[in-house]
Amino acid sequence: LKLKPLRDSVVRGYLTGNLGVAEGEADIYAAFARGNLGKAVQIASSEDFRNMYQEVLHLLKHIRDMDISELLDYIRKLKEDSVDIQEVLDFMLMWYRDVLLYKVTTDINLLIFKDEYGKFKEISDRSSYDGLKRILEAIDKAKVRLNANVNMELAMELMLLVMKEN
């Protein structure tokens, strides 16, 4: 059977109506699940995902203020916690998608992370289009490198340095 992905609004409605998930969280879970209701339900009930969400969100909000040793500690923590790095990278792509979308449109309603409006404004004011392009390319390169069995710590370090600079 070929099944098409569900619209995010359908997934969001199911999560808020049947599972009692908050509206803001449901937006994030629905976007992350990419139309897969089963994955959205699994994410919504996963404590590991919530922990990863909090950690990555903290990193993305404060990466410019962190020094190299803090970034290295963060990478080690990810490795120790056995976090799915592909999920982390997908999360980062969603974040920077919102930053770029806000920079272009300044429309809060188009954002996935609506609660982080202030941070998007700050980042979009500080970053150029070229800088955001370099960040997105660095995340894609990290995905390719990890799929090619490059050392995870090295691939993540290179990506985080590009993110910090831009």
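**Entry 1. Terms and source**

I call a residue buried under 20% relative accessible area, exposed over 50% and partly exposed in between, with a 1.4 Å probe and protein chains only. The model is predicted: I take local features only at pLDDT of at least 70 and side-chain atom pairs only at pLDDT 80 or more, while totals for chains, interfaces and linings use all residues. Residues are numbered from 1 along each chain as its sequence is written, and side-chain values use heavy atoms, with hydrogens and water left out.

**Entry 2. Overall fold**

I looked up the secondary structure first. The chain has 9 helices and 0 strands, where helices (H or I, at least four residues) and strands (E, at least two) are DSSP runs numbered from the N terminus. The radius of gyration is 16 Å, close to the 15 Å that the globule rule gives for 166 residues, so the chain is as compact as a globular protein of that length. I take this radius over C-alpha atoms, and the globule rule is 2.2 Å times the number of residues to the power 0.38. The C-alpha trace spans about 45 × 35 × 30 Å along its principal axes. Of the 166 residues, 39% count as buried.

**Entry 3. Salt bridges**

I count a salt bridge when a side-chain nitrogen of Lys or Arg is within 4 Å of a carboxyl oxygen of Asp or Glu. The count by this rule is 16.

I looked at E122 and R126 in helix α7. Their closest N and O atoms are 3.2 Å apart, and the two form a salt bridge. They are 4 residues apart in this helix, which means a separation of about one helical turn. E122 is partly exposed, with a relative accessible area of 36%. R126 also counts as partly exposed, at 36% relative accessibility. Elsewhere, salt bridges that share partners join R12, D27 and K114 into one network.

D27 is buried, with a relative accessible area of 12%, whereas K114 is partly exposed at 33%.

I then took D90 and R34, a salt bridge with its closest N and O atoms 3.9 Å apart. D90 lies in helix α6 and R34 in the loop between α2 and α3 (37–44), so parts 56 residues apart in sequence are tied together. D90 is buried, with a relative accessible area of 11%, while R34 counts as exposed at 52%.

**Entry 4. Aromatic rings**

I pair rings of Phe, Tyr and Trp (its six-membered ring) if their centres lie within 6.5 Å; planes under 30 degrees apart count as stacked, over 60 as edge-to-face and the rest as tilted. The structure holds 8 such aromatic pairs. I picked Y53 and F91: the ring centres are 5.4 Å apart and the planes at 90°, so this pair is edge-to-face. The pair links distant parts of the chain, with Y53 in helix α4 (residues 47–62) and F91 in helix α6 (residues 85–105), 38 residues apart. Both Y53 and F91 are buried. One aromatic cluster is formed by Y53, F91, W95, F113 and F120.

I also looked for charges over rings (NZ of Lys or CZ of Arg within 6 Å of the ring centre and within 35 degrees of the ring normal). K103 lies over the face of Y129, at 5.1 Å from the ring centre.

**Entry 5. Positive phi**

I noted two loop residues other than glycine with positive phi. For S82, phi is near 55°. S82 lies in the loop between α5 (68–80) and α6, and is exposed with a relative accessible area of 64%. For N149, phi is near 65°. N149 is placed in the loop between α8 (129–147) and α9, and is exposed with a relative accessible area of 71%.

**Entry 6. One glycine**

I looked up G118, which is in helix α7 and counts as partly exposed at 44% relative accessibility. The C-alpha atoms of G118 and K77 are separated by 27 Å, the two residues being 41 apart along the chain.
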